[in-house]
Amino acid sequence: MKRVTHPGMVLAIIMASYLMIVIDISIVLTGLPRIQSSLGFTPASLSWVQNAYTLAFGGFLLLGARAGDILGRRRMFITGLAIFTLASLAIGAATSPAWMLTFRAVQGFGAAVLAPSTLALISVYFPEGHERTRALSWYAAAAGMGATVGLVLGGLLADLISWRAGFFINLPIGLLLILGSLRYIEETPRHAGQFDLAGAISSTLGMSALVFGIVEAAEVGWHSPWSHSAMAVGVLLLTFFLWEQSGASQPVLPLRLFADRSRNAAYAARLLFLAGMVGFWFFTAQYLQRVLGFSPMLAGLAFVPVTIPQLFSSFSVPRLMRRFGPRSVLFTGLALCVLGLIWQGLAAPQLSYLAGLLLPMILIGLGQGWVLAPLTMAGVAGVEARDAGAASGLVNVAHQFGGSLGLAVLVVVFASGGQISHDAADLAQRTGRTLEVSALLVFLSLLISARFLFARAPQVHTK
């Protein structure tokens, strides 16, 4: 464990860098209608503005985590920041869907290099106990608040300047974080090893093919041979990935991480939670603009009832967990999210912000702030030092893949029931139905958490 000479600065740099990653996932949402009309995306292919980023992010996370162990986490932290920042500039200058999607994937790769180092550096610099609980709570707050901050900021920039400005602002932020990292963060010890490129590539291609097949079905129907073929290839590649990991001398994903039932439940619960919540962010942002007629700026400001409660609940996590325990905090948060999604889904056809969105948003904001910190703790608890990077990467994989897979499935739900029209009533009905499925996914996360999480201390395996 390193002695932290400037703990506040180290934590601030880690939080700011992760906040920038998460903001970039959501900052495009309030600008999607402008991006679609500017670059010529189809309604279903528009989801790839998110998926190109999150799939590259999720697919290369394990390789990024391994790179931090071998090459040094500060070095990978700075490298990831540089790739992410330069890709942001390229996205801001995009002139076609292919250009945007290419550099969204590059940006996702930069995030995959950066993100595992953020969580691993917390494990290195903050000892287990109250200090680490506090640091992880702030880290989870950044993960949760980033989504809402991105929506508000994206809407303001898209309306007042351009959707492109949301990517250009990463240049000064990225440069400041790189300089701060050089000044305050020390390099971590390096471990001998090699990179498992076969594992990283097969997992990334497998997840991408699986999600592509589902999105293709949403656009052209389940009869599409491209859809069937892509999903089959995805399943085969992911099967190969698991087989390859079992025999790899230096696996990108040590399978011993799955030896503990509680950690497995934490990964599954996180994946399902993000799979459900991505529907709230993606479809609510479009509902506000396409159904209620809000401008991008007003749509962004409309998410403030999520942001403020989430800010309160995120920062209350350490105190509440000391008093009530992580189990109670997690269950309360998940239950509030389920209730908020059901409420919003049923009220969507009313075509009213006050009657259908305001109160559900408050519940969802409170709930999300109480969910991510306990799930993060459960995902890295009891892990040996040699697996800290891989475990951190796996937590982020569940986060990003859950969002990608969930969005692909929910796009299918939204598109089902005939040709999508531009009629507000039809779009509202589709949005309501999709949010009800989102609620079901979050409810499944609650069931898994209730059965397996925080019932006992996780086991530490040495082999």
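Q: How do helix 2 and helix 11 cross?
A: In this predicted model, the axes of helix 2 (residues 32-39) and helix 11 (residues 261-291) come within 9 Å and cross at roughly 75 degrees.

Q: Why is helix 2 called roughly perpendicular to helix 11?
A: Angles of 65 to 115 degrees count as roughly perpendicular. The crossing angle is roughly 75 degrees, and therefore helix 2 is roughly perpendicular to helix 11.

Q: Which residues make the contact of helix 2 with helix 11?
A: Helix 2 contributes Leu32, Pro33 and Gln36, while helix 11 contributes Phe282, Gln286, Gln289 and Arg290. By class, this contact has 3 nonpolar, 3 polar and 1 charged residues.

Q: What makes up the nonpolar patch on the surface?
A: The patch is formed by Leu298, Leu301, Val304 and Ile308, which together have about 330 Å² of accessible area. Helix 12 (296-301) and helix 13 (304-315) each supply at least two of its residues. Isoleucine 308 lies in helix 13.

Q: Why do aspartate 426 and arginine 430 count as a salt bridge?
A: A salt bridge requires a side-chain nitrogen of Lys or Arg within 4 Å of a carboxyl oxygen of Asp or Glu. The structure holds 1 salt bridge.

Q: Where do aspartate 426 and arginine 430 lie?
A: Both belong to helix 19 (residues 424-452), 4 residues apart, about one turn of the helix.

Note on methods. Residues numbered from 1 in each chain as written. Predicted model: local features only at pLDDT ≥ 70, side-chain atom pairs only at ≥ 80, totals over all residues. Heavy atoms only, no water. Axes fitted to C-alpha atoms, helices over the stretch in contact; angles between N-to-C directions. Parallel < 35°, antiparallel > 145°, perpendicular 65-115°, else oblique. Contact = heavy atoms within 4.5 Å. Nonpolar A, V, L, I, M, F, W, Y, C, P; charged D, E, K, R; others polar. Patch = residues over 30% accessible without salt bridge, like charges linked within 9 Å, V, L, I, M, F, W, Y side chains within 5 Å. Areas by Shrake-Rupley, 256 points an atom, 1.4 Å probe, with all protein chains shown as cover.
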